[in-house]
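Hi,

Here is the structure I promised to pass on to you. Have a look at it first, and then read my notes below.

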Amino acid sequence: MLKPIFAATALSTFILLAGCSLDLSNDDKKEQKEEQPISQDTETETNEKSDSNESAQRQVEVDTTVKPAQKGLQTLAEPESIPVLVNKQYSLPEDYKPDDLFYPKVDFIFQDKIEKRMMRKEAGEALEKMFQAAEKENMHLAGVSAYRSHQTQISIFNNYVKRDGEEKAKTYSALPGTSEHETGLAIDVTTHDGACAAQDCFGDTNEATWLAEHAHEYGYIIRYPKGKESITGYKYEPWHIRYVGVDTAAEIFETNSTLEEFYNAVPVQAVTDK
Ligand SMILES: [Zn+2]
């Protein structure tokens, strides 16, 4: 189990530095790369992708002035960045609140106009388009839960700890500051009838299959895929989708990878656990 992960990590380090696409089989690029210092290699290759400079700089920006709430946790310096990596290793700042939240015009499994119906502008607008496209193919989706404030995440997590204890709670619920729902870029979805909301059975529906195949076209990824538990640190959640932008989503979809792998930031804890 470990070896492929480490091999992939080592390879993707090279690939990120070389600023090229995720073509693991192409060794020619190594020679090109060695001719120039890696910090100045952004012009070494022509690539149809216009964002090759950006991908060469893919890094999780950390604010080292903030004292982490927990051992092993780091605080993100750019929480408002659309492809921001929030996980068991990287936490949002405690006082972070997105400044462009709104209510996307999509159905939820409830009627109330409340916090968990909100999303950031770009993510919500993409969600509207995606739900409309799904409807056209007879896929009836509805929102279950989108934005969650830091305070709400604290309450939710504490309730799970009371019920199951902290160790177990941490396997399925995020520590406050580390939930993607706090970004306003993630949403749990289900079928329009509300059955299987946040349950494994959603994975067996046509809607889940449609999402897995098409979400990236709208900038979304299935954030916690099957078989990637040791990388994301979360069990498979077919219903939790995350907006990362169309280019990032396409790359993650095409390479069958995760946001952690996109940043070459597989949590150490997750790797050593397995
Ligand atoms: Zn979720």
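Cys-196 is buried because its relative accessible area is 16%, and buried here means under 20% relative accessible area, with exposed over 50% and partly exposed in between (1.4 Å probe, protein chains only). Its partner is Cys-201: a disulfide joins the two, with 1.9 Å from S to S. A disulfide is counted when a pair of cysteine sulfur atoms lies within 2.5 Å, and by this rule the count comes to one. Cys-201 is partly exposed, since its relative accessible area is 30%. The link of Cys-196 and Cys-201 is left-handed, with -125 degrees about the S-S bond.

Before you go further, please keep in mind that this is a predicted model, in which local features need pLDDT of at least 70, side-chain atom pairs count only at pLDDT 80 or more, and totals for chains, interfaces and linings use all residues. Residues are numbered from 1 along each chain as its sequence is written, and side-chain values use heavy atoms, leaving out hydrogens and water.

Now the overall picture. The secondary structure comes to 11 helices and eight strands; helices (H or I, at least four residues) and strands (E, at least two) are DSSP runs, numbered from the N terminus. Of the 274 residues of the protein, 48% count as buried. The accessible surface comes to about 14,600 Å², and 48% of that surface belongs to carbon and sulfur atoms. These areas come from the Shrake-Rupley method with a 1.4 Å probe, and for residues only the protein chains shown count as cover. Contact means heavy atoms within 4.5 Å. Among contacts between residues at least 6 apart in sequence, 63% join residues at least 24 apart.

Which residues coordinate the zinc ion? They are His-181 through NE2, Asp-188 through OD and His-240 through ND1, at 2.0 to 2.1 Å. Donors are N, O and S atoms within 2.8 Å of the metal (3.2 Å for Na, K and Ca), and water is not among the atoms, so sites may look incomplete. Along the chain, the donors of the zinc ion follow the spacing H-x6-D-x51-H. His-181 counts as buried because its relative accessibility is 4%, and Asp-188 counts as buried because its value is 8%.

Next, the inside of the protein. A nonpolar core is a set of buried Ala, Val, Leu, Ile, Met, Phe, Trp, Tyr and Cys residues joined through side-chain atoms within 4.5 Å. The largest one has 46 residues, and those touching the most other members are Leu-127, Met-130, Ile-187, Trp-210, Leu-211, Tyr-220 and Ile-241. Among the elements that give two or more residues to this core are helix H4 (121–136), strand S6 (186–191), strand S7 (220–224) and strand S8 (237–243). The largest share, seven residues, comes from H4. Leaving out residues up to four places away in sequence, Leu-127 touches Val-106, Met-119, Ile-187, Tyr-220 and Ile-241.

S7 deserves a look of its own. Five of its five residues are buried. S7 and S8 pair in the antiparallel sense over four bridges, where pairing asks that DSSP finds at least two bridges between two strands. Tyr-220 has Tyr-243 in S8 as its bridge partner.

Is Leu-259 buried or exposed? Leu-259 is buried, because its relative accessible area is 0%. Leu-259 and Thr-232 are 27 residues apart in sequence, and their C-alpha atoms are 8.1 Å apart in space.

Finally, two asparagines in loops. Most residues other than glycine have a negative phi. Asn-256, in the loop between H9 and H10, has a positive phi near 50 degrees. Asn-256 counts as exposed because its relative accessibility is 60%. Asn-264 also has a positive phi, of about 50 degrees, and is found in the loop between H10 and helix H11 (268–273). Asn-264 counts as partly exposed, since its relative accessibility is 23%.

Happy exploring!
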